[in-house]
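Please read this report with the sequence and the model side by side.

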Amino acid sequence: MLIEDNLPASSASPDDGASSSVRSWLAVVAVAIGAFAFVTTEFLPVGLLPRIAADLGVLPGTAGLMVTVPGVIAALSAPGLMLVAGRMDRRRVFLLLTTLLLASNLISAFAPSFVVMLVGRALLGAALGGFWTLATAASGRLVKPKDSARAMATILTGVTCATVIGVPLGTFIASFASWRASFMATGVLVAIALVAQFFFVPSLPSSAALRLRDLVALLRRPHPRRSMLMVALVFGAHFSSYTYVTPFLLHNASFSMATITWLLLGFGLIGFVSNFAVSSTVTRNLKTSVGAMVSLLMFALLAMPLLQHSPLGVAALVLAWGVSFGALPLCFSVWIQRATPDSPEAGSALFVSIIQVAIAVGSLVGGVVVDHVGISADFLFGSGLGLLGLAALASFGRGDQTAASSLAGSVCPDAQS
């Protein structure tokens, strides 16, 4: 995964105008299926948390470790695996990581205890960070340069579809079978992704490797460093609360599991629409888009405990939350691309790593708050993190964006040399 391979299509080698082949797009779809499987597996416990906690004999806050553990390990594996992989063919790395994901689902499905469940989730974390670092870079190598943006959008569609279909489907399967059947069904999906990657993803040799000093150099620059902090605060706000949204809806808002399944489906569907709606404006009004979505997230988290006795109000706030989080990953992806135009591989690795840290720490601290203070207090805590995220956004002035744009412009000639 060469650094120059990660540059936007506009800075890649000149395109001959030909369209990407069908096989190239099949490779993109294979990676998108993998993305769908990874995200579904990562957040499957969110909809199943009360059932798993009861069956394995742990408190809901403790059960939140199923989200925390893979997040911690993924935060280390995102840069760590890329450093260890060196110049290994990225196709082989893809296949290895997807195989680990399959093992994770099977171990989780048959886990006799919570400790074994955490072992399965740890395998997920080991694969997760490396997969996302690879996937964000591979999109531009699987197709012609002019199609790289569409390829990235296709892979991210796998993420959105997992939110729309994957997590609610897992909850639905558990409603008439068991939570173990949900993990087994996800394992079947992973097997399909593995076969598709084996047959369609081409060799992706790498003649250069990510170095530790690339990561350190990037973090020494103020703009990327503050950008990572902003991402951490906002993702922490989301996951400190979203990890425990099912217990909140079940116990605080008194929703039935059937209603929760449909509401989570609505969360994903409206997020899917939001992702595409914001994509038309995010490049032109990036800071405004980020500010609007973070503000909506903060408002939803703040108001949900206040309106917990109003089913209609809670449902509306969950959907508003879905609008916000449906757009935020795209907004932040564009933000980080602009913040690290000269070091896209290092930027991608750190971006994935910081998100996983936010997921891990957010769900862990949220679990402590849930077990000792209550779920309502956890949502207020998430809202506070959202406010800090807005403060971090406000710290960026016009000069920061201008400097980043100028740096991006200076990268293009080097990429073509």
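## Basis and confidence

This is a predicted model, in which local features need pLDDT of at least 70, side-chain atom pairs count only at pLDDT 80 or more, and totals for chains, interfaces and linings use all residues. Residues are numbered from 1 along each chain as its sequence is written, and side-chain values use heavy atoms, with hydrogens and water left out.

The term pLDDT is the predictor's confidence in each residue, from 0 to 100. Its mean over the chain is 82, and 86% of the residues reach 70 or more. Over residues 1-14, pLDDT stays under 50. For that stretch the model has 36 contacts beyond four places in sequence, where contact means heavy atoms within 4.5 Å. Residues 408-417 also have pLDDT under 50 throughout, and the model has 10 contacts beyond four places in sequence for them.

## The chain as a whole

There are 16 helices and 0 strands in the chain. Both kinds of element are DSSP runs numbered from the N terminus: helices are H or I with at least four residues, and strands are E with at least two. The chain has 417 residues, and buried ones make up 55% of them. Buried means under 20% relative accessible area, exposed means over 50%, and partly exposed lies in between (1.4 Å probe, protein chains only). Of the contacts between residues at least 6 apart in sequence, 88% join residues at least 24 apart.

## Helix 10 and its two partners

Two packed helices are described by the angle between their axes and the distance between the axes. Axes are lines fitted to C-alpha atoms, for helices over the stretch in contact, and angles run from 0 to 180 degrees between N-to-C directions.

| Helix pair | Angle | Axis distance |
|---|---|---|
| Helix 10 (residues 245-252) and helix 11 (residues 257-279) | about 135° | 10 Å |
| Helix 1 (residues 22-56) and helix 10 | about 50° | 7 Å |

Helix 1 is oblique to helix 10 because of the angle between them. Angles under 35 degrees count as roughly parallel, over 145 as roughly antiparallel, 65 to 115 as roughly perpendicular, and the rest as oblique. On the helix 1 side, the contact is made by Val-46, Gly-47, Leu-49 and Pro-50, and on the helix 10 side by Val-245, Thr-246, Pro-247 and Leu-250. By class, these residues of helix 1 and helix 10 divide into 6 nonpolar, 2 polar and no charged. Here Ala, Val, Leu, Ile, Met, Phe, Trp, Tyr, Cys and Pro count as nonpolar, Asp, Glu, Lys and Arg as charged, and the others, Gly among them, as polar.

Helix 10 and helix 11 are likewise oblique to each other. Helix 10 contributes Val-245, Thr-246, Leu-249 and Leu-250 to this contact, and helix 11 contributes Met-257, Ile-260, Leu-263 and Leu-264. The contact of helix 10 with helix 11 has 7 nonpolar residues, 1 polar residue and no charged ones.

Ser-254 is placed in the loop between helix 10 and helix 11. With a relative accessible area of 59%, Ser-254 is exposed. Its phi is near 60°, a positive value in a residue other than glycine.

Gly-236 belongs to helix 9 (residues 222-242) and is buried, at 5% relative accessibility. Leaving out residues up to four places away in sequence, Gly-236 touches Ala-358, Gly-362 and Leu-385. Between Gly-236 and Ile-359 the C-alpha to C-alpha distance is 5.9 Å, although they are 123 residues apart in sequence.

Ala-358 sits in helix 14 (residues 344-372) and is buried, with a relative accessible area of 5%. Beyond its neighbours within four places in sequence, Ala-358 is in contact with Ala-232, Phe-235, Gly-236 and Ser-363. Ala-358 and Phe-239 are 119 residues apart in sequence, and their C-alpha atoms are 7.5 Å apart.

Ser-353 is also in helix 14. It is buried, with a relative accessible area of 11%. Its contacts, neighbours within four places in sequence aside, are with Ala-75, Ala-78 and Pro-79.

Leu-83 is part of helix 3 (residues 65-85) and counts as partly exposed, at 31% relative accessibility. Leu-83 and Arg-211 lie 128 residues apart in sequence and 6.3 Å apart in space, C-alpha to C-alpha.
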